[in-house]
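Here is a walk through one protein model. Keep the sequence and the coordinates open as you read.

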Amino acid sequence: MKTYELIAPCHFGLESVLKREITDLGYDVSQVEDGRVTFIGDDEAVCRANIGLRTAERILIKAGSFRAETFDELFENTKKIPWEEYIPADGKFWVAKAASIKSKLFSPSDIQSIMKKAMVERLKQVYHVSWFEEKGPHFPVRVFLMKDQVTAGLDTTGESLHKRGYRRLTAKAPIAENLAAALIMLTPWKRDRILVDPFCGSGTIPIEAALMAANIAPGMKRGFTAQKWEHLIARKVWDDCYEEAREMVDLSVKASIEGSDVDPEMIRLAEQNARLAGVDHMIRFEQKDVGALSHEGKYGFMITNPPYGERLEDKAAIPPLYRKLGRRFQSLDTWSLYMITSYEEAEKEIGRKADKNRKIYNGMMKTYYYQFMGPRPPKNDSGVIRYD
């Protein structure tokens with residue numbers, strides 16, 4: 001069985017979460033870098049990673065890596081990569097994206113153009129043709145340059161993995177599904193614990209929590225570019241991996257997951273998205289202001305993505321909003337609060353210094369994940385944790 005080096009990009013700051021996910025799937029991680037994790041796997045690993053990883057952005061098959069400080073070096077070294085091992089004579093191939101950090105070659109469009117020309121030259125010689133019809137399966141290539149080290153990978157995923165297939169309706173500034181999943185995974189929350197998002201928007205955090213609780217694989221309801229690569233991955237391998245994911249689903253699980261938002265339109269969107277995800281029976285959505293937040297349960301979790309006040313017209317509303325959240329959190333004295341925001345006065349307005357915070361890049365925006373820990377729930381005489 002042929003094995004590959006597989007590259008899984010992720011949000012900056014969440015590499016350790018993704019590494020744990022990959023290890024839990026049973027694969028050996030070979031390298032962890034800023035914004036990506038590399039691991040070793042076969043054709044089945046490509047399928048299982050695409051279907052099962054909650055925090056990755058995509059899965060790339062590493063085609064080659066080399067050093068290049070000039071465009072001539074970039075061309076010649078790209079040409080040396082055995083692209084014919086992956087791309088058939090009728091394949092449609094292009095360099096879909098190039099990213100360069102601290103490298104002498106920094107123009108993405110020039111990098112893309114030169115690498116495409118080098119790939120064409122290589123494949124023309126191998127397939128003994130003067131031009132390519134490119135009517136077959138698609139083979140997008142993604143390239144990273146870091147300190148003049150070039151890494152090229154074939155994108156097996158297509159649309160980013162954060163697109164689970166359920167969120168057809170979005171809020172104005174939605175949190176990506178893979179980021180929402182990572183925020184949950186950075187907490188001790190389990191499916192037998194309470195989870196509330198008081199700024200739920202179109203419902204992403206509660207829905208991702210419900211998918212975890214029911215053990216629904218995030219990629220189970222969507223397709224991937226590499227499903228057309230039948231010379232590399234047999235259709236049966238994909239079928240078996242989808243079936244494995246279906247067999248693990250448990251829709252009978254009982255969970256206490258809630259989402260609320262002051263905007264009734266957001267609640268409507270959240271309810272529709274939950275239905276599309278197949279978890280609407282597990283979540284209670286409610287229109288209400290954060291100031292009305294209350295709960296009879298103990299030792300619960302608030303996990304949320306409140307407004308940041310990025311738009312000038314919203315800035316005045318942000319301090320009182322965070323103060324309101326802080327007061328409601330204080331009233332839930334056994335609870336924990338986990339909050340991602342770029343608002344620099346968040347701790348001050350909440351009224352408490354976070355026990356931990358973690359820098360995470362939400363796209364190009366630097367945010368912090370503030371973690372306000374509540375008390376640990378007690379155990380009964382038998383050593384079983386009590387949440388009442």
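Start with the cysteines. The count of disulfides in this predicted model comes to zero. A disulfide is a covalent bond between the sulfur atoms of two cysteines. To count here, the two sulfur atoms must lie within 2.5 Å. Take Cys-241. The closest cysteine sulfur to its own belongs to Cys-47, 4.6 Å away, so the pair is too far apart for a bond. Cys-241 is also buried, with a relative accessible area of 4%. Cys-10 is buried too, and its relative accessible area is 4%.

Phe-12 sits in the loop between β1 (4-9) and α1 (15-25). Is Phe-12 buried or partly exposed? Its relative accessible area is 36%, so Phe-12 counts as partly exposed. Buried would require a value under 20%, and exposed a value over 50%.

Next, look at strand β9, which spans residues 256-261 and holds Glu-258. With His-295, the link includes a polar contact: the side chains of Glu-258 and His-295 are joined at 3.2 Å.

How values were computed
Residues numbered from 1 in each chain as written. Predicted model: local features only at pLDDT ≥ 70, side-chain atom pairs only at ≥ 80, totals over all residues. Heavy atoms only, no water. Helix = DSSP H or I, 4+ residues; strand = E, 2+ residues; numbered from the N terminus. Buried < 20%, exposed > 50% of the residue type's maximum accessible area, 1.4 Å probe, protein only. Polar contact = N/O pair within 3.5 Å; in protein donor to acceptor, adjacent residues only side chain to side chain.
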